[in-house]
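Thank you all for coming; I would like to take a few minutes to walk through one model with you. Please have the sequence and the structure open as we go.

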Amino acid sequence: MNSNSPKSIPVVSTFASPFDVTPASSVTDSTRKPLSLWPGMYHSPVTIALWEARSKIFESLLDPPKDAPPQSELLTRTPLHSRTKIFYPFSTDYILREQYRDPWNEVRIGILLEDLDALAGTISVKHCSDDDSTTRPLLLVTASVHKIVLKKPISVDIDLKIVASVIWVGRSSIEIQLEVMQPEPELEGVNASSDSVALTANFIFVARDSKTGKAAPINRLSPETELEKLLFEEAEARNNLRKKKRGGERKEFDHREYKKLEALLAEGRIFSDMPALADRNSILLKDTRLENSLICQPQQRNIHGRIFGGFLMHRAFELAFSTAYTFAGLVPYFLEVDHVDFLRPVDVGDFLRFKSCVLYTQLDKLDCPLISIEVVAHVTSPEIRSSEVSNTFYFKFTVRPEAKARNNGFKLRNVVPATEEEARHILERMDAEALNSSKQVY
């Protein structure tokens with residue numbers, strides 16, 4: 001294998017019994033847990049493969065030495081050190097294909113989001129490890145997702161791969177860029193073209209000392225190629241922008257923005273005061289809401305005993321998809337996830353509530369109307385009458401072209417706010433998306 005090639009992790013479909021002891025777990029140490037009993041077995045085949053791939057590191061994380069000291073000296077790693085490739089042999093593995101298939105013969109985006117989070121976590125562990133079993137391992141948690149953008153449909157009949165590596169490191173945070181790649185479908189008499197990028201994602205993880213819970217320094221990154229240096233600079237700029245946003249106060253609207261606010265509220269007031277005269281091509285924001293809830297189970301945990309960020313994104317995506325579907329009346333097509341912050345950890349046993357709504361629509365492009373969905377995840381504690389926001393997700397959808405083609409009279413409704421708070425939130429969200437789009441570089 002070329003020394004510059006990323007490490008490759010094979011993925012196979014598997015329904016192995018948790019009571020089977022694989023050769024990898026057949027060791028003399030009777031205290032070692034079989035890999036099939038680890039949390040990853042309850043997730044996708046990719047998560048299982050990733051658990052297998054980092055088994056030695058995971059063993060130390062699951063059972064660290066008592067009173068182990070922290071890492072004493074930071075190392076310098078290159079992006080190549082942790083660069084990893086995941087390969088999905090969809091064309092030959094029928095069971096794997098069925099595990100990922102959606103009703104439209106494409107890859108289920110929700111499961112893919114879990115895989116992306118698991119792979120980003122694996123790469124973070126690899127970069128931050130000092131390969132010394134006597135030191136205290138770091139806790140690495142998903143802090144945020146910069147953006148996930150679908151660039152083309154992802155077929156479930158064609159082999160797929162994800163290539164990912166570290167692109168930036170701060171004092172205690174690390175950014176991983178992931179690219180999902182797939183060849184174009186073969187045309188009659190023409191071979192499939194080389195891999196093209198179908199989806200891009202950037203995950204940010206933070207490191208915590210496993211004993212004190214405080215931010216911990218992590219190994220440095222030394223980009224080597226011109227592209228690696230460029231990606232590092234872009235990630236550094238995004239990190240500086242996040243810091244500025246974190247310290248900023250709520251923006252005050254100027255006169256021009258107040259006019260936008262009043263325009264948004266005008267139709268909402270008609271719905272409230274004269275509903276019989278309201279525009280039938282519009283709908284109140286509150287009437288687009290959906291909600292679901294669940295108790296977080298042990299099978300959804302990660303190696304630190306908390307709920308996977310990928311699992312939360314998976315559940316949020318499926319509610320957002322359902323919200324877009326019931327709003328549009330036609331099958332939606334996913335476009336992107338905007339920046340996501342993981343504000344509060346979610347633990348096994350937590351009562352989690354997901355609440356969604358259509359924030360706004362953009363109807364100026366008839367061939368690709370946009371539906372902006374907000375999903376807010378709340379960790380609710382009935383015993384103490386408490387409810388805290390864990391995550392807020394922003395998804396964008398359009399309508400599947402084939403569904404729209406079968407309905408020539410299709411038209412999306414305009415979403416209007418009923419309160420000033422809703423109107424402010426819509427405008428702030430539009431401004432944030434415009435700012436993110438202007439600074440986004442692929």
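This is a predicted model: local features need pLDDT of at least 70, side-chain atom pairs count only at pLDDT 80 or more; totals for chains, interfaces and linings use all residues.

Helix α5 covers residues 109–128, and from its first C-alpha to its last it reaches 28 Å, which is close to the 28 Å expected at 1.5 Å a residue.

To set that helix in its context, the protein chain has 10 helices and 16 strands, and of its 442 residues, 50% are buried. If we take the contacts in the chain with a separation of 6 or more, 77% of them are between residues 24 or more positions apart.

Turning to the strands, I would like to follow β13, residues 351–362, and its pairings. With β10, residues 290–295, β13 pairs in the antiparallel sense over 6 bridges, and within that pairing Lys355 of β13 stands opposite Glu291. Strand β13 is also joined by 11 bridges to β14, residues 370–381, and these two strands again run antiparallel; here Arg353 has His378 in β14 as its bridge partner.

How many cavities of 30 Å³ or more does the structure hold? There is 1, and the volume of the largest cavity is about 30 Å³. Its lining consists of Glu336, Val337, Asp338, Ser372, Tyr394, Phe395, Lys396 and Glu433, which by class gives 3 nonpolar, 1 polar and 4 charged residues. Strands β11 (332–337) and β15 (386–399) each supply at least two residues of that lining, and the largest share, 3 residues, comes from β15.

Finally, I would draw your attention to Arg429, which lies in helix α10, residues 420–439. Is this arginine, Arg429, buried or exposed? Arg429 has a relative accessibility of 9%, and therefore counts as buried. Leaving aside the neighbours within four places in sequence, Arg429 is in contact with Asp338, Leu359, Tyr360 and Tyr394.

Methods. Residues are numbered from 1 along each chain as its sequence is written. Side-chain values use heavy atoms; hydrogens and water are left out. On a 1 Å grid over the protein atoms alone, a cavity is a set of points where a 1.4 Å probe fits but cannot get out, and a pocket is an open set with protein on both sides within 12 Å along at least five of seven lines; lining residues have an atom within 4 Å of a point. Grid points are joined across faces, edges and corners, and a volume is the space filled by probe spheres set on the points. Helices (H or I, at least four residues) and strands (E, at least two) are DSSP runs, numbered from the N terminus. Ala, Val, Leu, Ile, Met, Phe, Trp, Tyr, Cys and Pro count as nonpolar, Asp, Glu, Lys and Arg as charged, and the others, Gly among them, as polar. Two strands pair if DSSP finds at least two bridges between them. The expected span of a helix is 1.5 Å times one less than its number of residues. Buried means under 20% relative accessible area, exposed over 50%, partly exposed in between (1.4 Å probe, protein chains only). Contact means heavy atoms within 4.5 Å.
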